[in-house]
Amino acid sequence: MGAIFSKLFQDKNATTQPKAAIDALKSEIVINTISDGIACVDERGILQLFNPAAVALTGWSASDAKDLDFHSIFKFFDATDHAVGDDQNPIATALRSGVAVERRDLTLETSSKKHLQVSIKVTPIVDANNQNATESGAVIVFRDISAELKDRSEQTEFISTASHEMRTPVAIIEGYLGMLMNPATATIDARAMSYAEKAHEASKRLGRLFQDLLDVTKVDDVREHLELSLIDAGAAAAQITDQFQMKASEKGLKLAYMNQQNGDGIKSLQPVHIIYADLYQLNEILGNIIENAIKYTKQGGVAVSVESTGSRVRFVVRDTGVGIPAEDVPHLFQKFYRVDNSDTREIGGTGLGLYLIKKLAENMGGTIGVESDYGHGSTFWVEFNELTRDQAVLKAQELKKKAELNSLNL
Ligand code: ADP
C-alpha cells in the first residue's frame, strides 16, 4: 500500500499527468487541513502517513512516526486502564481480518503518556490496480472525544440529580393526597374527593416518570456492576411470574407459568436450561414484560414459558390483550414511545420501560423482541445464551474459586 500513498504525494510534481497531480494535491490539502487525525499503515503495519491533526493529537512528529510500526505510536487502553493486546487493538484487528473496525471505548496514550478518550475507525484497503494482494494496508481516522463524553455525562448527571430531587416532593404530595382521600384521616365532600383522586393519579404518574428517568440514567452504569451467576431459566421464570399473581387476579386475569406437561397432564421431568446472567436484572426485564402484559390486557390471561433452541434460551410472555398495530411495532423499544390509540390512551405510562429493559438485556448479551396480532394479543420475548452442562460446570468451578480467593482477600 506504500505505493498508493507515495503516489498520492509524489505525483503532484509530475508534469506528464496534470489531472492526476491536481487530484493528488487536493487530497493532500484535505488530509492536511482536516481536524481528524489520519494515519496510514502498510500491510506490515508500518506507518506511511501521519497528518498534522494526528501529530497534534498524539504528540508524535510526522517524521518520528513515519516508518515506525504502528504499535509504537498507537498504544490503546481499555476502560479499566489495561493496555489492550492485538486481539483487541483495532488496527491489528482490521489488518488481520480485512474488515473495518470502529471503537469509541478506548483511550490512546500520547507521547507524553496522557490518556485521550478517542473514537477510531480503521478501514483496510487493497490497491485494486495492483495485482499483488500484499499491496494493502489500512487507513486510520481518529479524534479526541473527551469533551463530547464529558458533556454527555454532565447531562446524564443533571437528569439523574433532578429526577432524584423531584421524587421526594412528589412522594410527599402523593402521601398527603392519600390522607385527604382517606375517611379515617380527613372529611371532604364528593366533589373535593373527585379532584383529590385526579391529583393523586397525576402525582403517581409523575413519581413513576421520575423513577423511570432515574433508571434510564443508571442503565449505562449497570454493565459495570452486573452480578452474574448461573440461573435455572425455568425456575427463575416461575418465581418471577409468581410475584405478579396478585396484580393479575385484581384484574380478573389468569397468569400462569406454563410448564411443559405430558399429554395426561402429569408434569414431566423438566429439562434444565442454564443461563449466565444477573438475576436482579432478569427480574427487572421479565417483570416489566409481565407487568405490561397484565396492564394491556382487559380479559383472558397471560402465559409465561421458557423455550430453548439449544444455544439460546427464550423467555416468552403471551397475552390476550389489546395487541399492537403493526406500524407501532418497530418503534416500541425507543425512548418515550407509546402507542397512542383508543385502547391505550386511558392506561398511564411513560414509554421508558421497554427502552430500559432492551438496554438491560443487551448489557447481558440478550436480545428482545415482540410479535403482535392487533386486537388479539402480543407475545414479547427475551433470550440469552444457553450454557451446555459442561460449560455450566466449568463456570460453577470458576465462580467457586473466585469466591474463595475473595474470602481470602487475594
Ligand atoms: P409504558 O410506560 O407506556 O407502558 P413501555 O415502554 O413499557 O411504556 O411500553 C411502550 C408501549 O408499548 C406502551 O405504551 C404500549 O402502548 C405498548 N405495549 C407494551 N407492552 C404491551 C403489551 N403487552 N400489549 C400491548 N401493548 C403493549
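Let's start with Val302, which sits in strand β10 (residues 301-308); strands (E, at least two residues) and helices (H or I, at least four) are DSSP runs numbered from the N terminus. Before going on, note that this is a predicted model, where local features need pLDDT of at least 70 and side-chain atom pairs count only at pLDDT 80 or more, while totals for chains, interfaces and linings use all residues. Residues are numbered from 1 along each chain as its sequence is written, and side-chain values use heavy atoms, with hydrogens and water left out.

Is Val302 buried or exposed? With 4% relative accessibility, Val302 counts as buried, a label for anything under 20% relative accessible area, with exposed meaning over 50% and partly exposed in between (1.4 Å probe, protein chains only). Its C-alpha atom is 4.4 Å from that of Asp319, 17 residues apart along the chain.

Gly369 belongs to strand β12 (residues 367-373) and is buried too, at 8% relative accessibility. The C-alpha atoms of Gly369 and Phe380 are 5.9 Å apart, with the two residues eleven apart along the chain.

Now for the ligand. Of the 21 residues around it, the ones that come nearest are Asn292, Tyr296, Arg338, Thr350 and Leu354; here, "around" means having a heavy atom within 4 Å.

| Residue | Part of the residue | Distance to a ligand oxygen |
|---|---|---|
| Asn292 | side-chain N or O atom | 2.9 Å |
| Lys295 | side-chain N or O atom | 3.0 Å |
| Gly353 | polar backbone atom | 3.2 Å |

On its own the ligand has 540 Å² of accessible area, and the protein covers 97% of that (Shrake-Rupley method, 1.4 Å probe). Which elements give two or more residues to the shell? They are α11 (279-295), α12 (353-363) and β13 (377-385), and α11 gives the most, with three residues. By type, the shell has ten nonpolar, eight polar and three charged residues; Ala, Val, Leu, Ile, Met, Phe, Trp, Tyr, Cys and Pro count as nonpolar, Asp, Glu, Lys and Arg as charged, and the others, Gly among them, as polar.

Last stop: helix α7 (residues 146-181), where Ile172 is found. Ile172 is partly exposed, with a relative accessible area of 47%.

Terms used:
A polar contact is a pair of N or O atoms within 3.5 Å; within protein, one must be able to donate a hydrogen and the other to accept it, and residues adjacent in sequence count only if both atoms are side-chain atoms.
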